[in-house]
Amino acid sequence: MQYLDPRSSNPAKQLTVPAVSGLKGKTLGYLNNGWTSMTKIGEHIADPLKARYGVSQVIYYDVPRSMAPPDGLLEKVARECEAAIVGMAN
């Protein structure tokens with residue numbers, strides 16, 4: 001069995017990105033890791049996000065369960081979206 005450690009290999013380096021300053025007009029990525037709960041939530045999340053927060057679009061991406069995302073997927077999400085919801089567990 002292989003264990004993956006999500007911590008940075010350089011803990012002295014602060015890994016931060018600027019916070020999203022609201023969702024109005026933004027494109028939101030929804031990365032579904034295939035767990036039933038993520039799929040069910042994903043089926044219903046776009047309309048409330050648009051109505052309540054002004055999200056302009058929700059783009060859905062499939063991520064392999066219990067595996068690293070395919071090469072280039074995270075870069076694609078970063079190009080296409082200003083924020084993302086990421087499925088990390090069940």
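Biologist: Why is Val-77 called buried?

Modeller: Val-77 has 8% relative accessibility, and buried means under 20% relative accessible area, exposed over 50%, partly exposed in between (1.4 Å probe, protein chains only), so Val-77 counts as buried. Do keep in mind that this is a predicted model, where local features need pLDDT of at least 70, side-chain atom pairs count only at pLDDT 80 or more, and totals for chains, interfaces and linings use all residues. Residues are numbered from 1 along each chain as its sequence is written, and side-chain values use heavy atoms, leaving out hydrogens and water.

Biologist: Which residues is Val-77 in contact with, leaving aside its neighbours within four places in sequence?

Modeller: They are Leu-31, Tyr-61 and Ala-84; contact means heavy atoms within 4.5 Å.

Biologist: And what about Thr-27: why does Thr-27 count as buried?

Modeller: Its relative accessibility is 11%, which is set against the cut-off for buried, so Thr-27 counts as buried too. Thr-27 sits in strand E1 (residues 27–32); strands (E, at least two residues) and helices (H or I, at least four) are DSSP runs, numbered from the N terminus.

Biologist: What makes a nonpolar core?

Modeller: Such a core is a set of buried Ala, Val, Leu, Ile, Met, Phe, Trp, Tyr and Cys residues joined through side-chain atoms within 4.5 Å. The largest one here has nine residues, including Leu-28, Ala-46 and Val-58. Helix H1 (36–53) and E1 each supply at least two of its residues, and H1 gives the most, with four. Apart from this core lies another, of seven residues, among them Ile-59 and Val-77.
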